[in-house]
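User: Could you walk me through this model, one question at a time?

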Amino acid sequence: MRRFSANYIFPVSNPPIKNGIIEVDDEGKIVSIINPGRSFKEIHSTEFHNGIIIPGFVNAHCHLELSHLLGKIPEKKGIANFIKAVTEERFKFQDSTQKPIANAIKELELTGTVAVGDICNTADTLDLKVKSELHFHNFIEVFGINQNNSDKVFELANTIKARFLENYPGSTSITPHSTYSLSKNLWNRVSTEINDSKMPVSIHFAESLPEYEFLKTGSGPIFDRYKFLNIPFETPSGLSPLDVVFNNVDSNNDVLLIHNTFASIDELLQIKGHYRKVTFVTCPESNIYIENSLPVLAEMHKAGLRIAIGTDSLASASTLSMLHHIILLLDNFKEISFVDILKWATLNGAEALNIESRFGTLEVGKNPGLNLITDFDFNSMKPTLKSRVKRLV
Ligand SMILES: [Zn+2]
């Protein structure tokens, strides 16, 4: 049994507790949370820390297998150029992918992340994930606009899925890449699979204006990119990203929509009304890196949408530290409080991945990991640029 205390404990499920004390057993399970009230008394053998104690972070969107692309992709060139660069560079450096993945997992562990929704186009990350204590939901992602290739793409995805299932039977699922990168045939295969599976579905959504342009008019930078590849594909017309999702993903799915950078609040509210459960995942550094834009998060928050945070991959983020992303959001959305953004980084991500019975809040019976945030500003109740995360449990 260990006891921890700090200036404040942020359970996320309840308001912050001044000088709260938290007891965990040898497995890290929370046994009790004590609110000392005004009569603060030091309880025997309590480790007191300066700062705040929060639950472990849940990173709702990452691509660990792209970790070797750190600093290799030019910034602010738009989505079509980003996809082109990632497609070309990811194989150039393929031989050396293991060490960057290992380093990225280490970084996640050291910066207090306990669970990750990770996109997999390959099984490159599998062996290293198994060695880590982090929880992973492995989204086996499919894409391909070549109408004649859908069987091959789907078969390959199923082979990768089978490998992950051996170690992650409850947290591996097939998922579509985006609204603009699957042929009709491939959508049919994926829809049948996801609509039967009861597993969360993760889709890159409204990440760029060219996505809207391609779906609506069959033109623009994404069309040009596909044309250049010289493969047979059907040009869409009269569609929006929302139409594509509604047409292919049944309303009884648990959906994670990633980015939402160019979606209007009306579109997002329609989506919320349509699905059993939907989480809007924001990857702020990646959005700035690729499109130099951010979603309407203040409006989304005000409208009561469930928002979670992803780091995206190191191809478009400088770090996988969730605290870094929290500070970036606080800086860009001054009207949103740290308590709210902390919930995005913990409970909301856990709910999106259906792991909230273990992760996301400090509650008795959960095993969510305990993070200490140092150099916290108690006047504004926000972390500062000097703040660091230390994993306590
Ligand atoms: Zn992504």
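Analyst: Happy to! A definition to start with: two residues are in contact if their C-beta atoms, placed from the backbone, lie within 7 Å. Please keep in mind that this is a predicted model.

User: Which residues does Ile53 touch, not counting residues up to four places away in sequence?

Analyst: Ile53 is among the residues with the most contacts inside the largest nonpolar core. Leaving aside residues up to four places away in sequence, Ile53 touches Phe4, Ala6, Ile9, Ile22, Leu370, Leu372 and Leu392.

User: Where does this largest core lie relative to domain 1 and domain 2?

Analyst: The core has 108 residues, and its largest share, eight residues, comes from helix H13 (residues 338-352). Domain 1 (2-54 + 367-391) and domain 2 (57-352) both give residues to this core, so its place is between them.

User: Which strands each supply at least two residues of the side of domain 1 that touches domain 2?

Analyst: The C-alpha centres of domain 1 and domain 2 are 32 Å apart. Their contact takes 14 residues from domain 1 and 14 residues from domain 2. By class, the domain 1 side has nine nonpolar, three polar and two charged residues. The strands that each supply at least two residues of that side are E14 (370-373), E16 (382-383) and E17 (389-391).

User: Is Asn247 buried or exposed?

Analyst: Asn247 sits in helix H8 (residues 241-248). Asn247 has 12 C-beta neighbours inside 10 Å, so Asn247 counts as exposed.

Key. Residues numbered from 1 in each chain as written. Predicted model: local features only at pLDDT ≥ 70, side-chain atom pairs only at ≥ 80, totals over all residues. Domains from an automatic or database assignment. Helix = DSSP H or I, 4+ residues; strand = E, 2+ residues; numbered from the N terminus. Nonpolar A, V, L, I, M, F, W, Y, C, P; charged D, E, K, R; others polar. Core = buried A, V, L, I, M, F, W, Y, C linked by C-beta atoms within 7 Å. Buried ≥ 20, exposed ≤ 12 C-beta atoms within 10 Å, placed from the backbone.
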